[in-house]
Amino acid sequence: MDGMMDKAAFPAGAYCDAVARIIAAGQRMDRFGWVPATAGNISIRLPDGTLAITRSGGHKGLLGPQGVIRVDAAGAPLLPADRPSAETLLHCQVYAHDPAAGAVLHGHSVASTVLSMAGGNELVLEGYEVQKVFAGQDTHAARVSVPIFDNDQDIARLCRVVAPHLDAMRAGYIIRGHGVYVWGADMDVALARLEGLEFLLACELERRRMR
Ligand SMILES: CSCCC(=O)C(=O)COP(=O)(O)O
Ligand SMILES: [Zn+2]
């Protein structure tokens with residue numbers, strides 16, 4: 001890690017702390033089965049505005065320090081030979097849109113994959129106590145809409161589709177047949193939101209099975 005840290009740019013230990021948090025987040029997501037095979041990606045915004053983000057193609061539950069690299073705010077790797085997540089631009093988009101965002105998580109759960117393939121352009125969550133984990137939700141009676149966007153291998157194009165909806169999002173979004181994007185002020189908040197959203201998606205899936 002030493003060679004990757006620009007010690008002049010931020011407080012001592014900030015990069016190492018971000019790497020440790022990303023590794024721990026990957027392990028936690030893996031325990032829930034949300035990052036099968038090489039799925040998912042994880043990032044943290046560093047004090048100088050660059051990002052620590054997972055390298056493309058690794059198992060996110062088995063990350064070591066070398067599995068995390070730095071990119072600039074536009075997604076370009078600081079070390080040109082590094083290959084960041086194929087979905088880096090979606091992370092950059094969240095940070096550019098929300099100055100308060102400090103961590104972004106992307107996972108491929110069964111529930112998000114299956115529910116988003118059932119049709120429709122949103123999932124509406126209503127009546128669940130756990131929805132209070134999302135910003136601005138004070139009651140289970142509120143209605144939380146989670147937008148669903150069609151999957152696209154052209155991530156820049158996908159960013160343009162997502163962009164107009166970011167302001168209204170309370171709980172992140174789902175890419176159809178693919179997975180969820182969630183963020184928060186720091187990794188703990190982002191993980192709590194991801195866990196809350198995945199719990200609610202699992203409930204929705206279970207309710208549809210019961211019908
Ligand atoms: C086998 S998962 C396909 C790629 C993907 O959707 C993903 O989340 C992981 O891509 P990355 O480049 O971040 O490893
Ligand atoms: Zn993905």
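Trainee: Where does H106 lie?
Mentor: H106 sits in strand β4, residues 103-107. Strands here are DSSP E runs of at least two residues and helices are H or I runs of at least four, numbered from the N terminus. Keep in mind that this is a predicted model: local features need pLDDT of at least 70, side-chain atom pairs count only at pLDDT 80 or more, and totals for chains, interfaces and linings use all residues. Residues are numbered from 1 along each chain as its sequence is written, and chains are lettered from A and ligands numbered from 1 in the order in which they are written.

Trainee: What does UniProt place at H106 and H108?
Mentor: A "binding site" feature, from an unreviewed entry. UniProt positions use the numbering here, feature names are shortened, and annotations may be inferred rather than shown by experiment.

Trainee: Why does H106 count as buried?
Mentor: Because H106 has 27 C-beta neighbours inside 10 Å. Buried means 20 or more other C-beta atoms within 10 Å of a residue's own, exposed means 12 or fewer, and partly exposed is in between, with C-beta atoms placed from the backbone.

Trainee: And what does H106 touch?
Mentor: G40, N41, E87, G179, V180 and Y181, not counting residues up to four places away in sequence. Contact means C-beta atoms, placed from the backbone, within 7 Å.

Trainee: Now H108. Where is that?
Mentor: H108 is in the loop between β4 and α3 (110-116). H108 counts as buried because it has 21 C-beta neighbours inside 10 Å. Leaving aside neighbours within four places in sequence, its contacts include W34, G40, T113 and G179.

Trainee: What surrounds ligand 1?
Mentor: A37, T38, A39, G40, N41, T54, S56, G57, S85, A86, E87 and H106. The cut-off is a C-beta atom, placed from the backbone, within 6 Å of the ligand.

Trainee: How does that shell split by class?
Mentor: It has 3 nonpolar, 8 polar and 1 charged residues. Ala, Val, Leu, Ile, Met, Phe, Trp, Tyr, Cys and Pro count as nonpolar, Asp, Glu, Lys and Arg as charged, and the others, Gly among them, as polar.

Trainee: Switching to the sheet. What is the strand order?
Mentor: β3-β2-β1-β4-β8-β7-β6-β5, an open sheet of 8 strands with mixed pairing. β3 (68-71) and β5 (122-126) stand at the edges, each with a single partner strand, so one side of each has no neighbour in the sheet. Twist averages 20° from one strand to the next. Strands pair when DSSP finds at least two bridges between them.

Trainee: How many bridges join β1 to β4?
Mentor: 4, and the two run antiparallel. I44 has A103 as its bridge partner in β4. On β2 (residues 51-54), β1 has 3 bridges, also antiparallel. There S43 is partnered by I53.

Trainee: Is β1 itself mostly covered or open?
Mentor: Covered: 5 of its 5 residues (41-45) are buried. N41, S43 and R45 point one way, I42 and I44 the other.

Trainee: Which helices lie across it?
Mentor: Helix α1 (residues 14-31) lies across β1, β2, β3 and β4, at about 150° to β1. Helix α2 (residues 88-97) lies across β1, β2, β3, β4 and β8, at about 150° to β2. Axes are lines fitted to C-alpha atoms, for helices over the stretch in contact, and angles run from 0 to 180 degrees between N-to-C directions.

Note on methods
Two residues are in contact if their C-beta atoms, placed from the backbone, lie within 7 Å.
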